[in-house]
Amino acid sequence: MSNISRDEVAHLAKLARLAVTEKELDVFAGQLDQILDAVAKVGEVAADDIPPTSHAVPLTNVFRADEIRPSLSQEQALSGAPAAEEGRFRVPRILGEEQ
Amino acid sequence: MTDLTRLTASELAAKIHKQEITSVEATKAHLDRIAEVDGAVNAFLHVDTEGALAAARKVDGDLAEGREPVSPIAGVPLALKDVLTTKGVPTTCGSKTLENWLPPYDATVTRRLREAGVVILGKTNMDEFAMGSSTENSAYGPTRNPWDRERIPGGSGGGSSASLAAFEAPLAIGTDTGGSIRQPAAVTGTVGVKPTYGGVSRYGLVAFSSSLDQAGPCARSVLDAALLHEVIAGHDPMDSTSIDAPVPPVVTAARAGLKGDLTGVKVGVVAEFSGEGYQPGVQRSFEAAVAQLKDLGAEVVEVSCPNFTYALPAYYLIAPSECSSNLARFDAMRYGLRVADDGTHSAEEVMSLTREAGFGAEVKRRIMLGTYALSSGYYDAYYGSAQKVRTLITRDFSAAFEKVDVLVSPTTPTTAFKIGERVDDPLAMYLADLCTIPANLAGNAAMSVPSGLSDEDGLPVGLQIMAPALADDRLYRVGAAYEVARGPLLDRIPELKGVSA
Amino acid sequence: MTAVVDLMDYAEVVERYDPVLGLEVHVELSTKTKMFCGCPNLFGGEPNTHVCPTCLGLPGALPVVNGRAVESAIRIGLALNCEIAEWCRFARKNYFYPDMPKNFQTSQYDEPIAFNGHLDVVLDDGEVVRVDIERAHMEEDTGKSLHVGGATGRIHGAEHSLLDYNRAGVPLIEIVTKPIVGMGERAPEVARAYVAALRDLLRAMDVSDVRMDQGSLRCDANVSLMPKGTSEFGTRTETKNVNSLRSVERAVRYEMTRQAAVLASGGTVTQETRHFQEADGSTSAGRTKETAEDYRYFPEPDLVPIAPSREWVEELRATIPELPWERRKRIQAEWNLTDEELRDLVNTGAADLVAATVDAGAEPGEARSWWVQYLTQQANTRDVELADLAITPVHVARVIELVKSGELTNKLAREVVQGVLAGEGEPDEVVANRGLKVVSDDSALLTAVDEALAAQPDVAEKIRGGKVQAAGAIVGAVMKATKGQADAKRVRELILERVGA
C-alpha cells in the first residue's frame, strides 16, 4: 500500500519545513518506502469495530481553575531568542499569511 | 576509605544521613570519576560542578544543623537525561537545534529532585530528541557502553545507563517512549523502570511522543530505583495526563522482594517474544531467569498476547506522528538554532534551512514519516489503524493480567550491538524495541532488571517485567527478589580507569 | 497593482443569483487567564510579559485546560440552542506560522463541544430570520506580529517582523453557521444582523468584551453564489477579519457583486482567502496557496477528553441570564414602547445598553436619552458602533446618578462622559482629575453673585424693580466666573435672594 515517490517525499519535507538536499531525498525516499511497507502491517488487524485509543490513561475533565499564575519576565521570555528588538522576538520577514 | 562511587544510592544516603561522609564528599568523588572516565564513555553532555556542589552543601548544612534529611536519597548524586529542562542549565536533547538553549524553567521532575535534596551532577547524552536505540543519534557523538566501548549503551537514554555502569553516578533519570529506559538498562547491566503512564509528570520533559513518553528511575539496584521512583512520582497539576492517585508503594515492595520469596506470585511468559530474531544467549539467559523465578516460589505460565507483534509497526506510526507535531516548534523564531538569517531569506526559508541544519537524519526521517501518516488520505490507514492496534494491545494486557500478576520477556532481543552496525538500517535499529513497546502503547508499568551475561559474548542481558497500570509496586517486588537470587553483576564490568578517550 | 475589478449592479446580482453565506465568528473569552496556562488574559500590555513556557511553546511545557473557558463554551452553546457533546476532545491543527508558538493550534476538529443550534435574528424591519449554527468549538488565539520596514505595518515589503506572544493562548470560541441560503438581496443585512445578535448575546452573557475594534470579536465571511433555479453551491471565498458590523455588510455585498461579475463573464470564482479593505469597502485576494493546506489534525495527546456530565450542563443552563431578545420584550412592556420605538432602540444598538444602564440603577428615560442622543452622536462622530464606545452602562448610570444628586450639571456630565470616552478612567476619576464638581458651596457662589451684581448695578436694579428675567445676565456672569461648574438653578435663587426681589 505504500510505494512513496521521491516527489511525495519532497512534498512531505516541504510540509514539515525541512530544506532537505537532493541526496537526502534519494535516501529518505528509499527508507520511508521500506518503513511504510513494514508499518502497513497495522492494517491487518485494525478492523472497523475496534475503537481507537488516543490516550493511555482513562482520564477525562482535567481542568485548571481560572487563576493567574506568575508569567515569565520579558527578559526571561526573550532569553533564548536568536534576535530580539523592542521587547519582541525579531524574525525575518514573513511572507505567508495568517491562517 | 571505600570508593564512594561503588556504593549504591541507599548505602550512600545512609552514610550521608549518619554524617559519616558528607554529600560534598560523595559529589566530589563522582565528579572526579566523571573527569577521569567520561572522556572514554561520553555519558555526559554537561557537568554542572558548581550546581552539584551547591546542592550538596545545602544538604550537608541541613544535616549539620540537626534537620532530618528531606528525602531518603537527600545528598545522593544523580545524572539527569538531557531531555528534562533545568533552569539556567543547558538542555540540548542531544540536538544541535538546542545547543545553546538555557531553559527559563525547571521540569517537574527536576524540581522534585531538587526539593528532595538530590544532587544533579549534570545532563546525560541521548539520541536526538530521544529518537533511537543506541545513542548514536546524538549530535554530540555516541556514548560508549562501559562493558565494551565498541558497543552501544542502548538508547535513547544511553548516557544515563552508561553513567551508572561507569560508576559516574549511582542514580539517573531516563525517559521511555518505546524502551529508552529499559533497553539501555538491559545492555548495560543496570536497572531501569518505566512507570505507569501518568505516574511521573511530563511537565518539562521535552516531548517526543506525548502519549507514550514517561520519565522514570535508573539505578544499579532495584531498591535504589524504588527510592528514586518515590521522589519523582506523583500527581502534578501542570500535566493534564498526570494521575491523581497515591504513588504505588514501590519502596515497600522492593524491600519485601529483597526477602527473596515470590510464593503466591503468578508470572506469565509472553509467548510471542521468543524464537527467531532472539540471540540464543539472550534466550538462554531469559530461560534461566524464568527458572529462577520458579525457584523463588512464583507460579510460571505461558501467556499469549497475539497482538504484541503489531506493537512495533503501530509504534512507528504513532510516535513519528506525534513527533512531527511536537518538533514543529523548533523553527528558529523564539529559541534555539537559527541559520541563514542574512536578510535575504524569509522567515519560512529560515525555518526550513534551520530545521534542515539542526536536525539529524533519524529525526528528519521520523518527522516525514509522521507527516505522511497524518496526511489526509492516509490518516485512517496509518495513524487511525495504529490507534486501533493500541486498543488491541491494551486488551491483550488486560486479558493476560486476569491470569497473572506480572508478565516477563527478554528486555531486548540481543545484547549490545556494535557502534555503527545498524545506523544505516532504520528497521534493524527499530527491532531493539520489539519487546518494550507494548507497555508504552498500553501505558502500563515495566522494568528491566539485569539477568546476567549472555554466555556467547559476555555482555549483559535484561529481564523485562511488566505490570498493569498503577501496579508499579509489583515490578519492584519481583525485580528485587530476582536481583537477590541472581547476585551482583556490575562487579564483573571491566575497569575504565586509565582508559584513554 | 490596482487592477480594475468588474462589479455587477446589485439589483442584477440578486435577480440572477442566490447568495449563500457562511459566517465564522471568533470570540475571545474574557476569562482571567489564558486557555491552557495561568498567564493573564489582558488586551495590550508590554510585549511578551503575559507569557510563560506553555504559551511561548517552550520545549517541555504542557497545556492544562481553563475550566472557566469550558464553562463559557458550554454556556454559549446552550444560548445558541446547541447540543452539548457528551464527550469531545481537543485536536492539533498543524501548520507553520511565526505567530503560533508551537506551530500547531490546539483546537477542536471533528468533536466540537457544541453543535446543531440556531440563533433567531431580527432584521431592521422586524422580520425574524433563523440562522442555523453548525458548531461552536474551543481553541486558542495566536500572537501578534509587527512588520517593520517597507510600507508601514504591512506584511508586503517588510524587512523583518517583531513578535509579541501576549495574545498567544487567549481562549477563543469559534462559532460557525450552517450555510445561510434563501436570503436574496437581504443577505448582507442578514450577515450584519447575525453578527450583531451574536455580539449582543455574548455581551449579555458576560463571556467576552465583544469589541470588534479590538479584535475580541472577529468575523470571517464565506460567500458564494449559485445561479437562480439551481441548488448546487458555487465556489466560495472567505473574507477574513472583517472588524465592524458595517464592514460585515459591505464585505458580503461587495463579494456578491464581484463574484457575480466573474460568473456572468464566463469566469470561475477562485476559492481563496480575501481581505476586506476598510477604505473603499472592497475585498482583495490573498496570496494564493500553491497547495491545499493539509492541517494533519489528530487528537491532542497532551490533553484528556472533556465529558461534560448532564448535571453540569443543566447547572450551566441555569446561569444563562435573560437573553437580549427576551429583555427587549420585557423593556417594551415595562417602558411602554411602541414596536417602532423599540426597533429604533434596537437598530441604533441602544436597547441592550439602555436596559443594562437601567439595571445599573438609572431611570429608563434618562438612560434612553443618554444613549439615543448624546452617545449615539458621539459614536457617529467616531465612526464606531454605539456598543464599542469606551463607556459602559455602569458608567452612564453613574453619570446619571451624579446629575440627579446635583453634583454635576448636564453640561458637566457631558464633559465627564467625554473624559471617560477619552480613556481617562471611571466617571468619578474623571470628575476628580478634571475638577468638574458643581460649585454647590453657597458661600463660594455668593461671592461670585455679589461680584456679578456689583459689576452690573443697573441689572441688579432692574431685578430689584421686579424684572426677574433680567437675572439671566447675572446668572451668565456667575456661570462664566465659575467656569460653568455652578448649578444655574441655585445661582438664580441666590441672585433673587441677594437683591431681595
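**Close-up views of a predicted model**

**View 1. The second largest cavity and its lining.** In this predicted model, the residues lining the second largest cavity divide into 8 nonpolar, 6 polar and 1 charged. The volume of this cavity is about 100 Å³. Its lining is made up of 15 residues, and those closest to the centre are B:Gly199, B:Pro246, B:Val247, B:Pro248 and B:Leu470.

**View 2. The largest cavity and its lining.** A search of the whole structure finds 7 cavities of 30 Å³ or more. The largest cavity has a volume of about 190 Å³. It is lined by 22 residues, with C:Thr54, C:Cys55, C:Lys102, C:Thr106 and C:Glu140 closest to its centre. By class, the lining of the largest cavity comprises 11 nonpolar, 5 polar and 6 charged residues.

**View 3. The second largest pocket and its lining.** The space in the second largest pocket is about 790 Å³. Of its 36 lining residues, C:Arg192, C:Arg199, C:Leu245, C:Asn347 and C:Glu385 lie nearest the centre. Elements of chain C that give two or more residues to this lining include β6 (114–122), α4 (245–264) and α9 (364–382). The most comes from α3(C), which gives 7 residues. The lining of this pocket has 14 nonpolar, 14 charged and 8 polar residues.

View 4. Helix α13 of chain B (residues 380–403) holds B:Asp396. B:Asp396 is buried but has no salt bridge. The nearest side chain of opposite charge belongs to B:Arg395, 8.1 Å away. Apart from neighbours within four places in sequence, B:Asp396 is in contact with B:Cys305, B:Pro306, B:Asn307 and B:Phe308.

Notes. Residues numbered from 1 in each chain as written. Chains lettered and ligands numbered in written order. Predicted model: local features only at pLDDT ≥ 70, side-chain atom pairs only at ≥ 80, totals over all residues. Heavy atoms only, no water. Helix = DSSP H or I, 4+ residues; strand = E, 2+ residues; numbered from the N terminus. Buried < 20%, exposed > 50% of the residue type's maximum accessible area, 1.4 Å probe, protein only. Lys, Arg positive; Asp, Glu negative; His and termini not counted. Salt bridge = Lys/Arg side-chain N within 4 Å of Asp/Glu carboxyl O. Contact = heavy atoms within 4.5 Å. 1 Å grid on protein atoms, 1.4 Å probe; cavity = no way out; pocket = protein on both sides within 12 Å on 5 of 7 lines; lining within 4 Å. Points joined across faces, edges and corners; volume = space filled by probe spheres on them. Nonpolar A, V, L, I, M, F, W, Y, C, P; charged D, E, K, R; others polar.
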